[in-house]
Amino acid sequence: MLSVTGGTKIFYGGTLDERRALDGLDVSLKPGDFCIVIGSNGAGKSSFLNAVSGKLPLDSGRITIDGQDVTRLNAHRRAQFIARVFQDPMIGTAPTMTIGENMLLAELRGKPRGFSYGLSAARRQKYSQQLAELNLGLEKRLDMQVGLLSGGQRQSLSLVMAVSTRPKLLLLDEHTAALDPRTAKLVMDTTVRAVEALQLTTLMVTHNMEHAIRYGNRIIMMDAGKVLVEIGQEEKNGITVADLIERFHTKSDAIALQGA
Ligand SMILES: Nc1ncnc2c1ncn2[C@@H]1O[C@H](COP(=O)(O)OP(=O)(O)OP(=O)(O)O)[C@@H](O)[C@H]1O
Ligand SMILES: [Mg+2]
């Protein structure tokens, strides 16, 4: 479904400040995989998602989605089949527009010109149904300005908007990190429901080890722009946070020794 081979992105190459954000990254996802991405600050997790979405063009390497080579396709073109939710609840939605207008924007994303643009009664009904699943009462507030919602409500709306177009790939970059525990759980529950109902292939970055264990069917640990450890479905069952941390340290120590 998604394949990244030899993904490399270097900032300030050839200078003392050189940063290898991605350094020969190889990742392959099967359709319906819900893959959790973990790793320290600066490991390259966001760069990985940015490379997949097209926001960060690779220096070298190749990305295919559903067998189609998208390496040279810009972010706008890739938006037809990729949806994202970011850490900052303020990013995914337009504050001066209403909830209904925001959902319409999401529906029109990547659609050809000539598509019907109005907020018709049929659309309003469809959006209300999608919002009702959140249990936040937003389905009754289609005409309310998004800027008046709380961070958690906005993030929930961003998620509904992201999945409403049934993307081939859903990219979540610490999308619950800025939320209080109760709201984070609500957004995660919505995430899991949507991923399962729509069989979305998903990459989710998190620093929350409990979430890494509880959600998804695979874990990728990144370090220095590449995959350090991969944990598959079977191995993931029954794994503990302590096991995860040990796997990470054993592998990075082994690499440090090789380099010594
Ligand atoms: N636009 C940029 N310009 C310069 N350096 C960058 C840029 N984007 C990323 N980097 C560098 O690339 C490396 C990887 O950054 P990235 O944001 O992908 O890490 P991350 O794993 O998402 O970290 P975090 O957990 O802090 O979000 C870092 O060293 C970072 O400083
Ligand atoms: Mg990041």
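Modeller: A residue is called buried when its relative accessible area is under 20%, exposed when that area is over 50%, and partly exposed in between. The model under discussion is predicted.

Biologist: Why is Glu174 called buried?

Modeller: The relative accessibility of Glu174 is 16%. The limit for a buried residue is under 20%, so Glu174 counts as buried.

Biologist: Where does Glu174 lie, and what is its phi?

Modeller: Glu174 belongs to the loop that runs between strand 7 (169-173) and helix 6. Its phi is positive, about 50°, although Glu174 is not a glycine.

Biologist: Which residues line the largest cavity?

Modeller: Glu174 is one of them, and the others are His175, Thr176, Met188, Met204, Val205, Thr206 and His211. By class, this lining holds 3 nonpolar, 4 polar and 1 charged residues.

Biologist: What makes this space a cavity, and what is its volume?

Modeller: The term applies because a 1.4 Å probe fits there but cannot get out. The volume of the largest cavity is about 30 Å³, and a search of the whole structure finds 1 cavity of 30 Å³ or more.

Biologist: Asp66 also has a positive phi without being a glycine. What is the value, and where does Asp66 lie?

Modeller: The phi of Asp66 is near 55°. Asp66 sits in the loop between strand 4 (60-65) and strand 5 (68-69).

Biologist: Why is Asp66 called partly exposed?

Modeller: Its relative accessibility is 47%. Buried requires a value under 20% and exposed a value over 50%; 47% falls in between, and therefore Asp66 counts as partly exposed.

Biologist: Let us turn to the helices. Why is Glu107 called buried?

Modeller: Glu107 has a relative accessible area of 12%. Glu107 is part of helix 3 (residues 99-108).

Biologist: What makes the pairing of Glu107 with Arg123 a polar contact?

Modeller: The side chains of Glu107 and Arg123 are in contact at 3.2 Å.

Biologist: Why is Leu244 called buried?

Modeller: The relative accessible area of Leu244 is 1%. As this is under 20%, Leu244 is therefore buried. Leu244 lies in helix 9 (residues 241-259); from Met221 it is 23 residues away in sequence and 9.2 Å away in space, C-alpha to C-alpha.

Biologist: Which residues are closest to ligand 1, and how many surround it?

Modeller: Ligand 1 is surrounded by 14 residues, of which Asn41, Gly42, Lys45, Ser47 and His207 are the closest. This shell divides into 4 nonpolar, 7 polar and 3 charged residues. Strand 2 (19-29) and helix 1 (45-53) each contribute at least two residues to the shell, and helix 1 has the largest share, with 3.

Biologist: How many residues line the largest pocket, and what is its volume?

Modeller: The largest pocket holds about 470 Å³ of space. It is lined by 21 residues, and those closest to its centre are Ala83, Arg84, Phe86, Gly92 and Arg109. Strand 6 gives the most to this lining, with 4 residues. By class, the lining has 12 nonpolar, 5 polar and 4 charged residues.

Biologist: Which helix gives the largest share of the lining of the second largest pocket?

Modeller: Helix 6 does, with 5 residues. The volume of the second largest pocket is about 280 Å³, and its lining residues include Gln130, Glu133, Arg166 and Leu198.

Conventions. Residues are numbered from 1 along each chain as its sequence is written. Chains are lettered from A and ligands numbered from 1 in the order in which they are written. This is a predicted model: local features need pLDDT of at least 70, side-chain atom pairs count only at pLDDT 80 or more; totals for chains, interfaces and linings use all residues. Side-chain values use heavy atoms; hydrogens and water are left out. A residue is near a molecule or strand if one of its heavy atoms lies within 4 Å of it. Ala, Val, Leu, Ile, Met, Phe, Trp, Tyr, Cys and Pro count as nonpolar, Asp, Glu, Lys and Arg as charged, and the others, Gly among them, as polar. Buried means under 20% relative accessible area, exposed over 50%, partly exposed in between (1.4 Å probe, protein chains only). A polar contact is a pair of N or O atoms within 3.5 Å; within protein, one must be able to donate a hydrogen and the other to accept it, and residues adjacent in sequence count only if both atoms are side-chain atoms. On a 1 Å grid over the protein atoms alone, a cavity is a set of points where a 1.4 Å probe fits but cannot get out, and a pocket is an open set with protein on both sides within 12 Å along at least five of seven lines; lining residues have an atom within 4 Å of a point. Grid points are joined across faces, edges and corners, and a volume is the space filled by probe spheres set on the points.
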